[in-house]
Amino acid sequence: MNPASNLILIGPMGAGKTCIGRRLAERFGLRLVDADREIEQRAGASVATLFELEGEAGFRARESAVLADLLQHDGLLLATGGGAVLAEANRRLLRERGFVVQLLVTVEQQLERLAQDRSRPLLARGDREQVLRELAQRRAPLYAEIADLRYDTGSLGSAEATAGLVLALSRHWQRPTGAPSASPHSGADA
């Protein structure tokens, strides 16, 4: 068990990090922060625009800075972007500052879930299936390296996935004494 006051969701795009994260934040009384939305808010531009203007390297630098800033705080449910694990410093920070849950989904399930999504810059560059397979090959070992818990969301709806994950977390996640408990007004988007 990794005792931590923050709960961090990692995994590929389409795994349900934000959707499930919203439900988990409410259940556990955590403040939900979607890292990509936080980057957009601070930059005043979309992820796609940042990729276009600064390239992936520029976006990743912004991502690292936002993660470092956010994880100075406790009581967060952090839904990371799929590539947040690429930088070793990010992986170390995520591992040190939270209980890390890797959400699992197959490439076929991602293709189905992301079929109408045109906002993701990495999927705008060719054959979506091939891109997702390449991303999975590169990132899956990095997700596994820092995950305290792995949870398959692929065949589940968000409510069902959340319910199962709450049970798994009750067995594996140790929250520090005095951590906030769920309240009806907690878990609002940051």
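User: Which residues line the largest cavity?

Analyst: In this predicted model, the largest cavity is lined by Pro12, Met13, Gln110, Leu132, Leu135, Ala136, Arg139 and Tyr143. Helix α6 supplies the largest share of that lining, 5 residues. The space inside amounts to about 60 Å³, and the search of the whole structure finds 1 cavity of 30 Å³ or more.

User: Why is Thr153 called buried?

Analyst: Buried means under 20% relative accessible area. Thr153 has 1% relative accessibility, and therefore it counts as buried. The residue is placed in the loop between β5 (149–152) and α7 (158–172). Leaving aside residues up to four places away in sequence, Thr153 touches Ala15, Ile20, Leu103, Leu104, Val105, Arg113 and Ala161.

User: How do you know whether Ser119 is buried, partly exposed or exposed?

Analyst: The partly exposed class lies between the buried limit of 20% and the exposed limit of 50%. At 48% relative accessibility, Ser119 falls between these limits and so counts as partly exposed. Ser119 lies in the loop between α5 (107–113) and α6. In sequence, Ser119 and Met13 are 106 residues apart, and their C-alpha atoms are 11 Å apart in space.

User: Which class does Ala163 belong to, and why?

Analyst: Ala163 has a relative accessible area of 46%, so it is partly exposed; the limits of that class are 20% and 50%. The residue lies in helix α7. Its C-alpha atom is separated by 35 Å from that of Phe51, which is 112 residues away along the chain.

User: What makes the 32 residues a nonpolar core?

Analyst: A nonpolar core requires buried residues of the nonpolar types, joined through side-chain atoms within 4.5 Å. The largest such core has 32 residues, of which Ile8, Ile10, Met13, Leu78, Val85 and Leu94 touch the most other members. Two or more residues come from each of β1 (7–10), α2 (35–43), α3 (47–70), β3 (76–79), α4 (88–97) and α6 (128–146). Helix α3 gives the most, with 7 residues. Another core, of 23 residues, lies apart from it and includes Ala25, Leu103, Leu165 and Val166.

User: Which residues does Leu78 touch?

Analyst: Not counting residues up to four places away in sequence, Leu78 touches Leu7, Ile8, Leu9, Val33, Ala35, Leu67, Leu70, Leu71 and Leu94. Among these contacts are Leu7, Ile8 and Leu9. On β1, Leu7 and Leu9 point one way and Ile8 and Ile10 the other way, and all are buried.

User: How do you know that β1 pairs with β3 and with β4?

Analyst: Pairing requires at least two bridges between the strands. β1 and β3 are joined over 3 bridges in the parallel sense, and β1 and β4 over 4 bridges, also in the parallel sense. Leu7 has Leu77 as its bridge partner in β3 and Phe99 as its partner in β4.

User: Why are β2 and β5 regarded as edge strands?

Analyst: The open sheet of 5 strands has the order β2-β3-β1-β4-β5, with parallel pairing. β2 (31–34) and β5 each have a single partner strand, so one side of each is left without a neighbour in the sheet. On average, neighbouring strands are turned by 20° against each other, direction ignored. For β5, the pairing is with β4 (residues 99–104), in parallel, through 4 bridges; Val101 has Leu149 as its bridge partner in β5.

Key:
Residues are numbered from 1 along each chain as its sequence is written. This is a predicted model: local features need pLDDT of at least 70, side-chain atom pairs count only at pLDDT 80 or more; totals for chains, interfaces and linings use all residues. Side-chain values use heavy atoms; hydrogens and water are left out. Buried means under 20% relative accessible area, exposed over 50%, partly exposed in between (1.4 Å probe, protein chains only). Contact means heavy atoms within 4.5 Å. Axes are lines fitted to C-alpha atoms, for helices over the stretch in contact, and angles run from 0 to 180 degrees between N-to-C directions. On a 1 Å grid over the protein atoms alone, a cavity is a set of points where a 1.4 Å probe fits but cannot get out, and a pocket is an open set with protein on both sides within 12 Å along at least five of seven lines; lining residues have an atom within 4 Å of a point. Grid points are joined across faces, edges and corners, and a volume is the space filled by probe spheres set on the points.
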